[in-house]
Amino acid sequence: MSRHIWDFHGGIHPPENKKQSSETSIRWAGLPERLVVPVQQHIGAPAKPCVNVGDRVLKGQTLAEAAGFVSLPVHAPTSGTVAAIELRPIQHPSGMDALCVEITPDGQDEWIEHQGVSDYTALDKKAVLNRIREAGIAGMGGAGFPSVVKLGVKPDQKIKTLILNAVECEPYITADDRLMRERADEIVQGLQIVAWLIEPEEILIGIEDNKPHAIAAMQKATAGTQCEVVVVPTKYPSGGEKQLIHLLTGKEVRSGGIPADVGVVCHNTGTAYAIKRAIIDGEPLISRITTLTGDCVAEKGNYEVLMGTPVGWLLQQAGVKATDLHRLIMGGPMMGFAVHNMAVPVVKTTNCLLVPNTREFPDPVPEQPCIRCGSCAQVCPVNLLPQQLYWFAKTKEFDKAAHFNLADCIECGACSYVCPSNIPLVQYYRFAKGEIRTQQQEQAKADHARQRFEARQARLAREEEEKERKRQERAKAAAAKQAEKKAAPTAKAAPTTAADTADGADALAKLQTAAASTMKRYKEAQKALLTAEKNGSEHLEALQKKVEQLKAKADAAKEAFTTAKNAQGQTADAKPKPAAASKDDPFAALKQASAEDFAAYKEAEKALAAAEASGAEDVVALQQRVAELKTRSDASKAAMKEARAREKEQIQAKNAAADPVKAAKLEVAKQQVLLKKATKALQAAKDSDAGADDALEANVKAAEQALEAAEHALKKIEEEQA
Amino acid sequence: MEFLFDNFTALGALTAIALGFGALLGFAAVKFKVEGNPIVEQIDALLPQTQCGQCGHPGCRPYAEGLADGEEINKCVPGGEDTIRALADLLGRDFVPLDEEHGETPESKMVAVIREAECIGCTKCLQACPMDAILGAAKQMHTVIAEECTGCDLCVEPCPVDCIDMVPVATTLQTWHWAAPKGIGNRPGELIPVRNIA
């Protein structure tokens, strides 16, 4: 039966150069002295190391775990100890270093416990997918995309065709060819696992017609199965995924799309083989078939190489003399990249190591100007306009290049191959693609930065507003307080004026102290003003103002005191009469007696003075009488004072009963005055160089204690009332 | 008489149409009024958003507004030639080289790094950073969130102990890309694909 084969645009027919390596069977490369396993051998996030330096690891043990959905673990290729986890040169065209796990093999090649499943159909599909993920299988054709991501079919997607990509169209490479010739059964087993997972309607195996042995082997292996071997004509790059899909199905994957969009899934031969090993044998991906070819290689052929084998060691095994080494290419001559460091390891995607001599690959001739011949456009398998893209890339008009679908370029190198001007076209495209990617990243970053900046501006505005609001609130509160303060004195003054006569004396005393204190403050201010004047201070004006204010205050206080005193005097004058008449008031009587005594004493004194002046004889008698009267007057005065004090106390007690808070407050104020007095006395004593008198100090202390007690009492009362 | 009447009909009809469309236009002008200048948004999208102020404006948006009002397009230092080209494209002006007065575009992107041992925790750089990309508190060590840093340089000057360095952003495997070929007259060197396969 013959199947219709479509054709894709363009393509080239470079010399194949496959015979050099395809005719010897796969050889075991051997165990190097050290293995350097990069944690990233696939597209996606690098794996996270999960072993420590010095650990003994077994063959197949996980060295680093997958970090995310598009990520894969890496495994120890053999048993040994972890010598280092550090940055090492890796398989990258940039020549940069990346994190690697170095293993020193112990030579025992001891496997970790592992188990394959011969009847995977009994398992859950998810479990099988998980095993494939855990085995670290990446696409082994070159890009290294995690296979499990391609295998996890979405429920709403129906896959019609499963394609095994066994085309291997790039010159020199024969790894898949040899694998098919020798291990066709295992490849088909792997393919069937994939088929069971994604349930396609048809399974196609695409092989180029330049591999008759491989075709025969595969046809033999697929006999009696659902798989169909489809032979495609030899043309580069028919092994490109989209090109192969077009060749076999006639379908075209849209720009930026994936094969699953047109119901196709494509896997590489090496991947199918690795999947078989992972599921049936339970072995993770720790080795691969790599073609060692080029005229410098004495033992050309395909080698089964452990991941992490340094290329320098491997080339030595294949008989490459270090002196012959002209250039080393990892991958094929069309899509590979030059490697300069012999310590770079072989990884999951290393399908070929090409070591040509100068005759085989002479140095390229210099680049010439584009002559617009259009050969590149004729060979482009993606139907692009390579020369147009070249101009845009050269003049850095990347947006135009993007508009001409630069992103769809598969970098196959067909255009460079045919260019008569030797222009490294693919390099220009790679450069432009990189620039476009960088610009996109920068654009994304700029958008992010704008967001952050705007958010910050908004935050600052909000904070400023908040501050302003708080400031206004504070100003309002302060104004309210000020108003309250102003209103308070008048309210306080009212009860004073309305006070009854019982409170009169008390109020009077208060006024007196107030007057005295204002007077004192005024004096002090005056003194300060004087000293300031003397010292030539800058605040003279302010001080003067203050002094004036205080003076006015002091005057007002004095006046208030005098008027209050006069009023008191009037009431006192009015009072004694009824008191004297009734004789009920002992205080009034005492006062009267004291006044009388005093008057008598004064009279006697006067008489004495007259007698002395006139030289009378009874001076002595008179003197005696004066002394007598004086003592009497003093006694009556003392009695009166005592009575007054007693009366005051009584009034206070009465007040205390009526308003305990007020009384307590009064007490506090009294104690404060006492304390002040005591302190002042002490200070005076100190100032006058008399030395601190112990007794005075004790006084101060006592006054302090009394004040404290009074305050305490006041608090208690207030609390009780509250 | 009839002639006059005909004339008045025509006049009336024309007046009615003029008034009708006038009213429609007036209504549309109010209803579909565009707030601000829409070109400012487009210009702002092209600017690198470092908010560095090297153009003389206090941020990228004010410069975008200035550009919309006809300011020169060659003042953005961090954007460099690419930004000038994009602006020239958008605004339909001619490309002009970067005005050196405002500074020189650095070779590569920069990022601020605080020498943390020397930081005294004064928070001055925190206040200067337009991106809020510096983390720290009073009397605590500060550090730059490298991913948010736009390399605007504004934190360097306020630092009283000069412990902030501007360092070029290192290329990683994720950000690396192929360099441009050397051009006509040069050998492609070791670049693949190999053309002369024997």
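The dialogue below takes up a sheet, a helix and an interface in this predicted model.

Me: How do I read a sheet, and in what order do the strands of the open sheet in chain A stand?

Reply: Strands of a sheet pair through backbone hydrogen bonds, in either a parallel or an antiparallel way. In chain A, 4 strands make an open sheet with the order S2-S8-S7-S4, and their pairing is antiparallel. Strand S2 (35–38) and strand S4 (56–57) of chain A are at the edges with a single partner strand each, so one side of each has no neighbour in the sheet.

Me: How many bridges join S4(A) to strand S7 of chain A?

Reply: There are 2 bridges between S4(A) and S7(A) (residues 80–89), and these strands run antiparallel. On S7(A), A:Gly80 is the residue opposite A:Val57.

Me: Next, burial. How many residues of helix H7 of chain A are buried?

Reply: A residue counts as buried if 20 or more other C-beta atoms lie within 10 Å of its own. In H7(A) (residues 269–279), 11 of the 11 residues are buried, so the helix is largely enclosed by the rest of the structure. Among them are A:Lys276 and A:Arg277.

Me: Which elements do the buried residues of H7(A) pack against?

Reply: They pack against several elements of chain A, including helix H4 (175–198), strand S12 (264–268) and strand S13 (287–293).

Me: Last, the interface. How many residues of chain A are in contact with chain B?

Reply: 45 residues of chain A are in contact with 31 residues of chain B. H13(A) gives the largest share of the chain A side, 14 residues. By class, that side has 25 nonpolar, 11 polar and 9 charged residues.

Conventions
Residues numbered from 1 in each chain as written. Chains lettered and ligands numbered in written order. Predicted model: local features only at pLDDT ≥ 70, side-chain atom pairs only at ≥ 80, totals over all residues. Contact = placed C-beta atoms within 7 Å. Nonpolar A, V, L, I, M, F, W, Y, C, P; charged D, E, K, R; others polar. Pairing = 2+ DSSP bridges. Buried ≥ 20, exposed ≤ 12 C-beta atoms within 10 Å, placed from the backbone.
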